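Biologist: Hi! Could you walk me through this one? I'd like to start with how the elements are named.

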Amino acid sequence: MYKFPTSFSSMSHAMTLQPVMIIQAFSFKNEKDQMFGCRTKVARNANMEKLRNGYLFPEISRLELEHIEKYPNAKLISLGIGDTTEPIPEIIASSMANYAHALSTADGYSGYGPEQGNKALREAIVKAFYKDLQIQDTEVFVSDGAQCDITRLQLLLGSKVTIAVQDPSFPAYIDSSVIIGQAGDEGGSGRYGSIEYMKCGPENNFFPDLATTSRTDVIFFCSPNNPTGHAATREQLELLVKFARDNGSIIIFDSAYSSYVQDDNCPRSIFEIPGSRQVAIEISSFSKFAGFTGVRLGWTVVPDELLYSNGFPVIHDFNRIVSTCFNGASNVAQAGGLACLSSQGFKAVNSLIDYYMENANVLGEALSSVGLQVYGGANAPYIWVHFPGSNSWDVCKHILEKTHIITVPGSGFGPSGEEFLRISAFGHRECILEATARLKTLFL
């Protein structure tokens with residue numbers, strides 16, 4: 001097993017980061033007091049004070065910028081945040097450009113659209129992703145991305161519900177729960193007291209032991225999972241739906257990476273599972289499917305049959321939230337979404353998915369060849385690498401220092417992510433090949 005220098009394992013990231021943040025906060029407070037001589041009488045939201053450090057991905061960006069300042073001539077390779085890198089297919093970009101240009105004409109101009117999204121796009125989403133699954137276009141809400149919809153769903157559910165999350169999982173589930181007031185206080189183990197953490201690791205095939213999982217109102221579940229890259233099987237999701245039905249819970253199913261699933265036994269939608277319409281909401285995105293990370297377009301499906309305990313349809317309240325908090329996705333972005341789902345556009349975006357999955361295969365094989373235990377990469381564009389006994393932030397920093405490669409420490413996704421790194425397969429092929437060469441040199 002590769003041994004990391006003691007200088008990289010003497011102190012955790014949290015221990016090194018917190019004093020810096022305290023100094024920055026103190027300096028900011030004094031500077032503002034001197035500049036303005038007063039402050040408001042408005043108390044800070046107590047829930048914001050419970051957040052640990054900064055949000056994970058801006059922290060990674062900060063680490064990257066610091067490294068560039070330290071090594072301005074180094075060729076940095078980012079396999080960290082997971083941003084798409086390949087150009088949007090021309091047929092899709094042209095559709096958006098043409099729509100935008102038409103806005104300069106009297107006939108082509110359009111203003112506000114329906115908050116729920118363009119009807120043609122909602123119909124196309126149903127046809128492309130939910131054919132034969134009983135989903136209606138009126139149950140689809142087009143948005144500016146899945147992460148924004150996570151927050152809207154939290155606003156819908158309120159501060160009194162209890163939640164469960166996969167551990168590890170996408171950090172927005174937990175951070176939004178803290179902000180809305182669901183999470184309780186943080187314990188010494190890095191967990192919040194009112195959140196049920198469902199451990200998902202190699203020892204349980206990345207699926208929680210539901211027999212020992214406490215009942216909660218809401219279950220956040222992402223498949224394929226970010227960060228582990230594991231896609232739940234049909235049998236696993238059947239167990240999850242049964243668990244939710246038995247407990248009267250709502251599953252918020254994040255299918256943002258569903259288009260990367262290669263295994264026919266791994267459903268791309270929770271609604272492939274019988275009985276899920278009464279217990280599930282699905283959020284998804286064009287970001288990783290079509291390279292729309294900067295364009296911003298996603299959707300949420302809320303079935304008519306999903307009811308609160310008093311029998312009131314959840315879809316009516318979500319429609320109210322969307323109508324109040326959102327003016328609808330950009331018409332230009334929605335034009336791009338429609339182009340993605342045309343026959344030519346769909347073929348083009350699937351070629352991008354194949355490209356990124358080839359990258360994942362290259363990375364996985366290279367890391368396995370040097371004796372590292374590698375997970376993921378078969379149904380998702382993420383590689384989950386185990387470094388037993390190591391602090392994940394220390395491993396991340398060591399690899400950055402020695403190879404100029406950005407990765408993401410597993411502990412940023414939850415306590416069970418400790419000892420792991422997430423490595424993204426989003427990148428130009430030449431960068432992926434260069435990164436594998438550097439990593440093999442480091443670990444051989």
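Modeller: Helices (H or I, at least four residues) and strands (E, at least two) are DSSP runs, numbered from the N terminus. With those names, R296 is found in the loop between α8 (287–290) and β8 (298–301). Keep in mind that this is a predicted model.

Biologist: Thanks. What is the phi of R296 like?

Modeller: R296 is not a glycine, yet its phi is positive, at about 75°. The residue is partly exposed, with a relative accessible area of 29%.

Biologist: And D132, buried or exposed?

Modeller: D132 is exposed, at 72% relative accessible area. Its phi is near 70°, again a positive value in a residue other than glycine. You'll find D132 in the loop between α4 (119–129) and β2 (140–143).

Biologist: Switching to prolines: which peptide bond is cis, with omega near 10°?

Modeller: That's the bond from D167 to P168. P168 sits in the loop between β3 (163–167) and α6 (171–180). The bond from S223 to P224 is cis as well, with omega near -5°, and P224 belongs to the loop between β5 (218–222) and α7 (234–247).

Biologist: Now helix packing. At what angle do α12 and α13 pack?

Modeller: About 110°, with the axes of α12 (residues 392–403) and α13 (residues 429–443) 10 Å apart. Angles of 65 to 115 degrees count as roughly perpendicular, so α12 is roughly perpendicular to α13. On the α12 side H398, I399, K402 and T403 make the contact, and on the α13 side R438, L439, L442 and F443.

Biologist: What about α11 and α13?

Modeller: Helix α11 (residues 343–369) packs against α13 at about 10°, with the axes 9 Å apart. The two are therefore roughly parallel to each other. Residues of α11 that meet α13 include Y355, E358 and N359, and their counterparts in α13 include R429 and I432. By class, this contact has eight nonpolar, three polar and three charged residues.

Biologist: Which residues do ring pairs link into a cluster?

Modeller: F57, F170, Y173, F206, F220, Y375, W384, F413 and F420.

Methods. Residues numbered from 1 in each chain as written. Predicted model: local features only at pLDDT ≥ 70, side-chain atom pairs only at ≥ 80, totals over all residues. Heavy atoms only, no water. Axes fitted to C-alpha atoms, helices over the stretch in contact; angles between N-to-C directions. Parallel < 35°, antiparallel > 145°, perpendicular 65-115°, else oblique. Contact = heavy atoms within 4.5 Å. Phe/Tyr/Trp six-rings, centres within 6.5 Å; stacked < 30°, edge-to-face > 60°. Nonpolar A, V, L, I, M, F, W, Y, C, P; charged D, E, K, R; others polar. Buried < 20%, exposed > 50% of the residue type's maximum accessible area, 1.4 Å probe, protein only.
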